[in-house]
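The sequence and the structure are shown first, and a description follows.

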Amino acid sequence: CNWSTCYDDVAFVSQLIDHLSSTLPIDRTKIFAVGESNGAMLIHHLIQELPGVFAAVAPVFGLPLLGYLVGSKYQLVTEAGRAGKTSVLELHDRFDATIPWQGGDTVDGWMYESMDRTLGVWAALHGCGETPEPVATKFDGGSKKLRCNAYPDCSRGRVMRCKYDGGHGDWPDQPQADHLIWEFFRNIT
């Protein structure tokens, strides 16, 4: 068993992608994934264990557990070239006590990596600048006060984070959040 299941989710997703690619006209350079909470943790796990398989991902209010940042066999280090093919858009609520964007201990006993550390690793893989800078999107503001930052000057792909008011389980205003994610995915080259 791993941190969340006794099933091999990585093998399942890999086999699913292979099967769908062999039976449907799928462009394997444009495979995307979105997950929230534990699903977002799975997204982080998949992009570590399957470097370069996904063109872009959008984890929402979920971060890796402490110690699960670079893959079970250090794939983000040993396969950095392939891993750097995956762009990341992290969306996270500002007031999350279940999986806080600041990382660290939680009231239920779990310890998470911080969003800064997690995305800092991805920024390094993409050859980006170290400090994220504010970036305007047409989805900024709204009732949840969405604001985004992107790591600048990436040599390839993008690494971006957006924070918004709310607690665990809250999404930014809809359908704007879905449109933000889709726009991020569509603009990945």
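## The nonpolar cores

In this predicted model, the largest nonpolar core comprises 28 residues. Phe54, Val57 and Trp122 have the most contacts inside this core. Helix H1 (9–23), H2 and helix H5 (115–125) are the elements that each give two or more residues to the core. The greatest contribution comes from H5, with 5 residues.

Another core, of 20 residues, lies apart from the largest one. Among its members are Ala58, Val60, Ile181 and Phe184.

## The surroundings of Val57

When neighbours within four places in sequence are set aside, the contacts of Val57 are Ala33, Ile43, Ile47, Thr86, Ser87, Val88, Leu89, Phe184 and Phe185. Two of these names return in the account of H2: Ile43 and Ile47 are buried in that helix. Phe184, also in contact with Val57, is listed in the core of 20 residues.

## Helix H1

H1 contains 15 residues, and the distance from its first C-alpha to its last is 21 Å, close to the 21 Å expected at 1.5 Å a residue. Its buried residues are Val10, Val13, Ile17 and Ser21. Because these residues cover an arc of only 70° around the axis, they are on the same side of H1. Phe12, Gln15 and Ser22 are exposed on the other side of the helix.

The cover over the buried residues of H1 includes H2. At the N-terminal end, H1 is capped by Asp8, with a side-chain oxygen 3.3 Å from the backbone nitrogen of Val10.

## Helix H2

Helix H2 consists of 12 residues (residues 38–49).

H2 is mostly covered, with 9 of its 12 residues buried. The buried residues are Ala40, Met41, Ile43, His44, His45, Leu46, Ile47, Gln48 and Glu49.

## An exposed glycine in a loop

Gly109 is found in the loop between strand E4 (104–105) and strand E5 (111–112). Is this residue buried or exposed, given its 58% relative accessibility? The cut-off for an exposed residue is over 50%, and Gly109, at 58%, therefore counts as exposed.

Gly109 and Thr98 are separated by 11 residues in sequence, and their C-alpha atoms are 9.7 Å apart in space.

Definitions and conventions: Residues are numbered from 1 along each chain as its sequence is written. This is a predicted model: local features need pLDDT of at least 70, side-chain atom pairs count only at pLDDT 80 or more; totals for chains, interfaces and linings use all residues. Side-chain values use heavy atoms; hydrogens and water are left out. Helices (H or I, at least four residues) and strands (E, at least two) are DSSP runs, numbered from the N terminus. The expected span of a helix is 1.5 Å times one less than its number of residues. Buried means under 20% relative accessible area, exposed over 50%, partly exposed in between (1.4 Å probe, protein chains only). A nonpolar core is a set of buried Ala, Val, Leu, Ile, Met, Phe, Trp, Tyr and Cys residues joined through side-chain atoms within 4.5 Å. Contact means heavy atoms within 4.5 Å. The arc is that of the directions from the helix axis to the C-beta atoms. A polar contact is a pair of N or O atoms within 3.5 Å; within protein, one must be able to donate a hydrogen and the other to accept it, and residues adjacent in sequence count only if both atoms are side-chain atoms.
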